[in-house]
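These are my notebook entries on a structure that was new to me. I wrote down what I looked up, in the order in which I turned to it.

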Amino acid sequence: MKIPLVDLHAQHNAMQAEIAAAMSSVMADSAFVGNPANPYVRAFEEQFAAFTQTAHCVACGNGTDSLEILLAAAGVGRGDEVLVPAVSWIATSEAVTTCGATPVFVDVLRDEYTMDPACAESKLTSRTVAIIPVHLYGAPARMSELCAFAQRHNLFLLEDCAQAHGATYQGRQVGLFGHAASYSFFPSKNLGALGDAGAMTTNDAALARRARMIAQHGQSEYKHDHQIEGRNSRMDGLQAAVLSAKLRHLPAWTSARKTLSRRYRLNLEGLVDGMQSLPEGSDSVFHLFVIELTERSAAAEALAKAGISTAVQYPAPLPLLRAYEHLGFSVADFPNAAAMTSRILSLPLYPELAVAQQDYVISNLAALRRR
Ligand SMILES: *Cc1c(COP(=O)(O)O)cnc(C)c1O
């Protein structure tokens, strides 16, 4: 049996007619570029604001731009330090650097894999102005501690929700705890476009206005009225129309991810060397299902031989990547991040994964344990 890590064909085949209708509508209107007048982009913004229960959604080019634009809109720049977790996709720390500030890496909690609030506290300096918790693999970070910490020190709290569309923490959706949230619609994310797209959400009208202005060359709501130098980060009309169609399916897809993850968890207990724990009262949307194995590479190889695709997301803590070599960090500086990244393995997980396929993955992992 061949089982991919992610199967976008399955999703797109099931909704081919909806996607085709969305695309031909955009083509009929020639509404390709996400300028302020684009009805598809504006409609998606409204729908996504409703989904995230926020007052404002600003669409943009991708989930890296959304982080960077929000930081810039909040006035973060040269001389400032921003706390980021040691385990994430590089976009989280990269956005800090590209807006002129310095990322300060914080170790993660060993079992939850998200930013350790106590470690964040220890990295605070007089230059710290912002903090970016990442809801990694769809699991909420420890928001009660992180919010209290951010409030105590007057930090701009930006939630990186790129992997966590609709996850909840103590009954509230992630993205509502900070000043703003950043989303990615990279094709393989829980809500994915047919290419690049991203969005920013916030309840702060002034912040939303400024973010929108930055994303459209510094223009106010009037064309050619450039208040500042901004940049170009637009969501295509085609992507917006496809995302609107897909957003209607997101609750069902999320519930399928949860059901499958619950099954993985029940059946893999004792067969693997660890699984992500969730903070009290939180609900993950399982962007990924990640296990820990001490003999990871042998296991991945055996699974691949059986036709099962797996991945290591991510193979190293951010501060130990070549890109940050100049900072001179070693494994000892991020013991939890180093320990988890040396053992993690992502298993196939997508809403259309059949129970028989999942059972095949589970039985192959069981066979490994028996060897
Ligand atoms: C995917 C991702 C991003 C970046 O999103 P892009 O749309 O690929 O630019 C940022 N942060 C995290 C945690 C991500 O997973």
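I looked up Glu81 and found it buried, at 10% relative accessibility, where buried means under 20% relative accessible area, exposed over 50% and partly exposed in between (1.4 Å probe, protein chains only). The side chain of Glu81 meets that of Arg127 in a salt bridge of 3.2 Å, N to O, a salt bridge being a side-chain nitrogen of Lys or Arg within 4 Å of a carboxyl oxygen of Asp or Glu. This pair links distant parts of the chain, since Glu81 sits in strand β2 (residues 81-85) and Arg127 in the loop between α6 (117-122) and β4 (128-131), 46 residues apart. I took helices (H or I, at least four residues) and strands (E, at least two) as DSSP runs, numbered from the N terminus. Arg127 counts as partly exposed, at 45% relative accessibility.

I noted that the model is predicted, that local features need pLDDT of at least 70 and side-chain atom pairs pLDDT 80 or more, and that totals for chains, interfaces and linings use all residues. Residues are numbered from 1 along each chain as its sequence is written, and side-chain values use heavy atoms, with hydrogens and water left out.

Next I turned to Arg110, which forms a salt bridge with Glu292, the closest N and O atoms being 2.7 Å apart. Arg110 lies in the loop between β3 (102-106) and α6 and Glu292 in strand β12 (residues 289-292), so the pair ties together parts 182 residues apart in sequence. I found Arg110 partly exposed, with a relative accessible area of 23%, and Glu292 buried, at 3%.

How many salt bridges does a search of the whole structure find? I recorded 14 salt bridges for the whole structure.

I then looked for cavities, a cavity being a set of points on a 1 Å grid over the protein atoms alone where a 1.4 Å probe fits but cannot get out, with lining residues having an atom within 4 Å of a point. The count comes to 2 cavities of 30 Å³ or more, a volume being the space filled by probe spheres set on the points, which are joined across faces, edges and corners. The largest cavity holds about 100 Å³ of space, and its lining has 14 residues, of which Leu8, Gln11, Lys189, Arg257 and Pro351 lie nearest its centre. The second largest cavity has a volume of about 70 Å³, and Arg42 and Arg212 are among its lining residues.

Notes. On a 1 Å grid over the protein atoms alone, a cavity is a set of points where a 1.4 Å probe fits but cannot get out, and a pocket is an open set with protein on both sides within 12 Å along at least five of seven lines; lining residues have an atom within 4 Å of a point.
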